[in-house]
Amino acid sequence: MIHLPVLITDLGLILAAAGITTLLFKRIKQPLVLGYILAGLLVGPHIKFIPTVTDNESIHIWAEIGVIFLLFSLGLEFSFKKLVKVGGSASITAIVEVVFMLLIGFVAGMAMGWSTMDSIFLGGILSVSSTTIIIRAFEELGVKHKKFAGLVFGVLIVEDLVAILLLVLLSTLAVSQQFAGSEMLISILKLCFFLVLWFIGGIFLVPTFLKATKKLMNDETMLIVSIALCLIMVLLAVKVGFSPALGAFIMGSILAETTQAERIEHLTKSVKDLFAAIFFVSVGMLIDPKILVDYAVPILVITLATVFGKFISSGLGALVSGQPLKTSVQTGLSLAQIGEFSFIIATLGLTLKVTSDFLYPIAVAVSAITTFTTPYLIKFSEPFYLFLERTLPKKWVEGINSYSSSTAGITTLSDWKVLLKSYTFNIIIHSVILIALAFLGSRYLQPFVTKNIINGNNGIVISLVVTLVIMTPFLWALAIRRIERKAYTHLWLNKKYTRGPLIALEVVRIALAIFFVGFLIYQFYSTWVAILIALALIVSGMVIFSRKLQSFYNRLESRFLLNLNAREAQNAQPEILPWDTHLTELTVAPESRLVGQTLVELSVREKYGINIALIERGKIMIPTPGRDERLYPNDKVLIIGTDDQLAAVKQLFEGSIEENNTSSFPKQDMTLQKVVINSHSPVFGQSIRNSGIRETTQGLVVGIERKGERILNPDSNMVFENEDIVWIVGNNKKVPDLLK
């Protein structure tokens, strides 16, 4: 008789249970994650009346692979470029939420008599919301076009990075078993160092490799190469002391910057779904129903802490960042749940054996409850906002609106801010590269040379010289390269500022370069004579070959920037107005009755109160289209209006559409901006029609705030008065000319 390995039997049982429960959950329109958890509960060791998994160790290995692919897919949706573009509002909201929830979780755990480590991990579990659940809820409720949705997606991007940081910090804390500030700081610095190094190296190498091999990459090869890159980064992460999940996430975020990101995401989706299903089933297998009964009160307490804590912290963060009350309330209630990252943090506690057995099933139970409540909380958010608006003192509401209005608009950076920002980035990036090269030269190159090529002192000298040559372009960029010439010249010639700070900045750069040369040489020799000789050689070499170094470095930088910008960010979100008004993009379906009609025939402004700011037709862009412009199938139309107006007009555009995302036009240039009119403004005393704003700025006046009164979509005969606050949607490079 043929013997079937236990692993295959268990895997078949897991997938069969997962398949049945997910079909059931699809039928009742509930998240599949909950179906997987239920399947795990059924085939786990605590339910005896059906066949159960026998080899738990092998299943845990499959589950760890599931975590790797789950984090890899999250990285593909993340990208560091998106993080840079989410803006201050999302960053502030996410940071406030995470800090508050860490404190709330810790206090709740200690109040229930839990251990310190259980309480700390509870704070980590509650601090991160679920990207999967929120996206699904937004799609089902049809609110992805609404103003608050863009802010929520930005918060989720920041939370993903915070979750990675939490995994590193909690691992360090679990190992040390004490609050050692120095160890925490070292862990953070180590994480930042490797994040910068991997991102720079990854962006320079991976897109170049994919581009060079593009003609050889069919779907099968691309799938294998993508998984191989993921696992190589996993190995590197483990090698330097981080978790496999971090490596998978980093490689996903690097691939997210390439032009092949969508293709890789599509090809790896099936692999991710398979192993993620096994992971979530293994989550359910660890749940003991008896523990859920015994800890029913803590589960209820933590659920309430999650919902109310996230609502208050996220809403408060959004208000502080300058969002209107309505957006803040909707954001807070949308983020009131925990999900996949919470499971990973809870798994970390179990793996390191620093948390109690009851914490994991409690986290899963809270996640299940908040998953069910999320759609209802999102639906309830707008009525709840209206209730707050009626209930809160009028002065409070007016104060919030005034604060929100004052934080929006055109902002400018001083020359000092521009210069210091550029110098900081220059120093951080090149310091990371130089430290990495110094360690590679001393730890890997020198042993290889002395063992395989030339042994003894000659091998050491050759290794040192090769490393110095490789480091030279980056030393030149750190110490000598001119940065932000325009801002530097303004400050140097401006007599209001002394030249001392500028000279000090240059001295610091040169001193850092000398330090890194000395640091490298000290890895090979400990004599000061050798260090001084090498310093003299490297400084003279940088001066003599300055032009060649500049040319070589410029080629490296051009390659890096080309790779970084190969995939343009899609659907950039504009700045948010104090009204419930914002920009969104809708596509004209071929079967829509809008097709072939002129804008004046459609009368969308009169019927729906919305403005059409831009029409994208293939590679043709029509900013602020005229009244005689027609709409054609698959036109992408940039529209400004309130949530309700956009929801009403959205029905005119809907249909089955084959979209072609080949445009490279910078749609982000079309933004909402605030201009304050004074007696010296070119348009002062003129009507909107006669001011020439449409012609000179490719803009539309969509709102005027006059003496505390807000006028949305003002009549074109309205005359601009002194101290009018005018909101314009138009070319962000031309609208500021109205201030002159």
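Before you start: the model is predicted, so local features are taken at pLDDT of at least 70 and side-chain atom pairs only at pLDDT 80 or more, while totals for chains, interfaces and linings use all residues. Residues are numbered from 1 along each chain as its sequence is written, and side-chain values use heavy atoms, with hydrogens and water left out.

**Stop 1: the cores**

Select Leu71, Leu255, Phe279 and Phe341. These have the most contacts inside the largest nonpolar core, which has 135 residues. A nonpolar core here is a set of buried Ala, Val, Leu, Ile, Met, Phe, Trp, Tyr and Cys residues joined through side-chain atoms within 4.5 Å. Buried means under 20% relative accessible area, exposed is over 50%, and partly exposed lies in between (1.4 Å probe, protein chains only).

Now colour helix H8, residues 147-176: it gives the most to this core, with 17 residues. Helices (H or I, at least four residues) and strands (E, at least two) are DSSP runs, numbered from the N terminus.

Zoom in on Leu71. Setting aside residues up to four places away in sequence, Leu71 touches Ile164, Ala245, Ala248, Phe249, Phe341 and Ile344, with contact meaning heavy atoms within 4.5 Å. Then jump to Val604, Ile612, Ile639 and Leu646, which belong to a second, separate core of 17 residues.

**Stop 2: the rings**

Rings of Phe, Tyr and Trp (its six-membered ring) pair if their centres lie within 6.5 Å; planes under 30 degrees apart are stacked, over 60 edge-to-face, and the rest tilted. That rule gives 12 aromatic pairs. Show Phe193 and Phe194: their ring centres are 5.1 Å apart and their planes are at 85 degrees, so this pair is edge-to-face. Both Phe193 and Phe194 are buried.

Next, pick Tyr295 and Phe358, a stacked pair at 4.7 Å centre to centre with 20 degrees between the planes. The two sit 63 residues apart: Tyr295 is in the loop between H13 (289-294) and H14 (296-320), and Phe358 in the loop between H16 (340-351) and H17 (359-391). Tyr295 is partly exposed at 26% relative accessible area, whereas Phe358 is buried at 13%.

For a cluster, select Tyr36, Phe279, Phe280 and Phe343, which are linked by ring pairs.

**Stop 3: along H14**

H14 has 25 residues and reaches 35 Å from first C-alpha to last, close to the 36 Å expected at 1.5 Å a residue; the expected span is 1.5 Å times one less than the number of residues. After H14 comes Gly322, with a positive phi near 100 degrees.

**Stop 4: the strands**

Select strand E6, residues 700-706. Seven of its seven residues are buried, so E6 is largely enclosed by the rest of the structure. Strands pair if DSSP finds at least two bridges between them. E6 runs antiparallel to E8 over five bridges, and Val701 stands opposite Ile728 in E8. Four bridges join E6 to E7, also antiparallel, with Arg706 opposite Glu709 in E7. E6 and E7 form a hairpin with two residues between them, and Lys707 in the turn has a positive phi of about 55 degrees.

Finish at Asp724, in the loop between E7 (709-712) and E8 (725-731). Is Asp724 buried or exposed? Asp724 counts as buried, at 1% relative accessibility. Beyond neighbours within four places in sequence, its contacts include Val675, Ile704 and Arg706.
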